[in-house]
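Hello,

Here is the structure we talked about. Please have a look, then read my notes below.

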Amino acid sequence: MSLPLALEISFAVVLLANAVWIVIAREVVAAVIIFVAYGLLLAIVWVRLAAPDVALTEAAIGGGVTGVLLLGAAARLRATEATAKPASVSTRLVAAAICVTTSCALAYVVGSLPDAAPTLAPAAMASLPETGLGNPVAGVLFVYRALDTLLEKAVLLLALVGVWSLAPDRLWGGTPELCAFPRRSSTLLLLAQLLPPVGILAGVYMFWVGAKLPGGAFQGGTILAAMWLLVVMTGLEDIPPTSRRWMRLLAIVGPAIFVVIGFAGFALANAFLAYPAGYAKPLIIVIEGTLTLSIAITLGLLAAGPPVRAQHQ
Amino acid sequence: MISFLSGAAVFVLLAIAGGMLRVLYGPAEVDRMMASQLLGTGGVALLLLLAAVTDSPSNVDVALMLALFAAFASIAFVASAPRKENEQAEPGGRE
Amino acid sequence: MKLALQILTVLAVSGGCFLFLAGTIGLLRFPDTTTRLHALTKVDNLGLGLIVLGLLPTAGSPLLALKMIAIWLLVQLSGATVSQLIAQLVHEQEPRA
């Protein structure tokens with residue numbers, strides 16, 4: 001058996017064992033930690049499947065932000081976990097049946113693709129030089145399917161509004177609270193002062209390099225959000241109240257500029273989200289830059305959760 | 001050289017799988033989180049080796065991401081761990 | 001010169017892999033959380049460091065080599081901090097004698 005094949009098989013086995021264990025774990029925190037490990041491993045699998053952009057996003061979201069989100073939720077559930085009733089056997093059987101059916105259906109669909117699977121990849125690569133971009137994923141995200149990307153960013157904002165509306169009415173516009181250290185730890189302070197500059201540099205780099213190499217606005221924005229969350233978790237800064245105007249403006253500036261450029265496409269190039277010849281790359285850079293900021297703020301606020309203290313406390 | 005590095009990659013993967021056992025069996029949550037940290041570091045090493053084997057520098061960027069975020073999850077875990085009720089505050093608190 | 005670099009790569013990567021193995025065995029077999037933490041930090045520090053050292057000659061450009069060293073330093077920084085934090089947590093959660 002050749003070495004690469006051994007590598008792939010070992011990976012598959014480790015991942016499957018991991019997935020099974022997440023399902024059968026008894027405690028919430030244990031399941032969350034195994035899920036974080038799963039995300040980290042999955043990032044490597046995406047690299048093996050020749051999808052580095054997806055790998056970057058998986059490492060960032062699956063390994064980092066989801067971990068923070070779920071650990072915070074697990075911490076809040078800890079008080080009631082001891083007295084919570086476990087799901088009944090019939091519920092679990094139904095859930096298992098649905099999952100198994102979905103997995104089998106997916107496996108069947110993927111397995112029954114013809115050997116030369118129909119793909120638009122050559123056409124995408126052929127048109128890429130006109131856009132001035134070097135990364136085909138960036139081409140798909142911002143040129144060929146720009147409308148999808150715009151709608152995704154709108155969905156992100158809607159999710160944020162949804163999370164905020166989980167709080168009671170009187171707390172609207174209040175301050176969220178991320179799980180924070182109850183007392184200062186000098187080690188953590190050192191990390192919170194050393195890591196964010198590196199992280200910000202990495203985030204800007206990831207956004208900038210996304211035009212030519214794997215990367216992009218989403219990955220860069222996630223790193224920036226993670227650095228913000230790190231500073232908040234260590235108690236160096238507080239999350240501002242969600243009614244702060246600059247925060248809300250930053251969150252919408254990305255999608256707003258995207259929409260403006262989209263409508264300008266009517267005037268300049270005869271279609272929504274069409275770019276005038278020769279100006280594609282600068283416009284895309286502007287869109288991606290503002291999107292990076294918006295994604296950073298939105299993801300940070302999503303992980304922080306609904307407001308828990310009223311605005312004027 | 002390529003086959004040697006591939007072999008090293010498989011080796012590191014086996015080490016990661018071993019760390020996985022600790023994630024799955026670790027009696028305390030802390031053990032699981034520590035093993036996840038090992039997974040992160042092992043993943044970084046694996047990706048760097050794969051970058052050399054397949055000659056794709058973009059893997060190094062993924063390794064950078066992994067390095068940043070593996071620690072992040074551990075910090076979130078320690079931040080959300082329950083505290084004992086009767087601990088004393090450190091001198092020089094918030095302000 | 002090239003042969004010397006190749007020997008360096010083989011030796012350093014082998015050393016790194018050995019340390020990974022040692023760290024994993026330590027993680028699995030040591031009796032206590034803090035002793036396992038000790039094994040873990042060796043992997044972070046020296047294991048990854050040796051692998052990075054071994055891969056430096058194979059890097060295509062100096063920028064890539066610098067990036068790999070930067071990754072190693074980052075893993076060291078975060079690994080060191082996380083092990084301190086975990087040790088503090090274990091110390092708190094142990095029943096006071």
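In chain A, the C-alpha centres of domain 1 and domain 2 lie 25 Å apart. Domain 1 covers 1-118 and domain 2 covers 122-313; the bounds come from an automatic or database domain assignment. Their contact takes 12 residues from domain 1 of chain A and 16 residues from domain 2 of chain A. Contact means that two C-beta atoms, placed from the backbone, lie within 7 Å. On the domain 1 side, 8 residues are nonpolar, 3 polar and 1 charged. Nonpolar means Ala, Val, Leu, Ile, Met, Phe, Trp, Tyr, Cys and Pro; charged means Asp, Glu, Lys and Arg; the others, Gly among them, are polar.

A word on conventions. This is a predicted model: local features need pLDDT of at least 70, side-chain atom pairs count only at pLDDT 80 or more, and totals for chains, interfaces and linings use all residues. Residues are numbered from 1 along each chain as its sequence is written, while chains are lettered from A and ligands numbered from 1 in the order in which they are written.

Now the two chains together. Chain A puts 50 residues in contact with 43 residues of chain B. Helix 3 of chain A gives the most to its side, with 14 residues. That side of chain A has 39 nonpolar, 8 polar and 3 charged residues.

Chain B has 3 helices and 0 strands. Helices (H or I, at least four residues) and strands (E, at least two) are DSSP runs, numbered from the N terminus. Of its 95 residues, 66% count as buried, with 20 or more other C-beta atoms within 10 Å of their own.

Best wishes

Note on methods:
A residue is buried if 20 or more other C-beta atoms lie within 10 Å of its own, exposed if 12 or fewer, and partly exposed in between; C-beta atoms are placed from the backbone.
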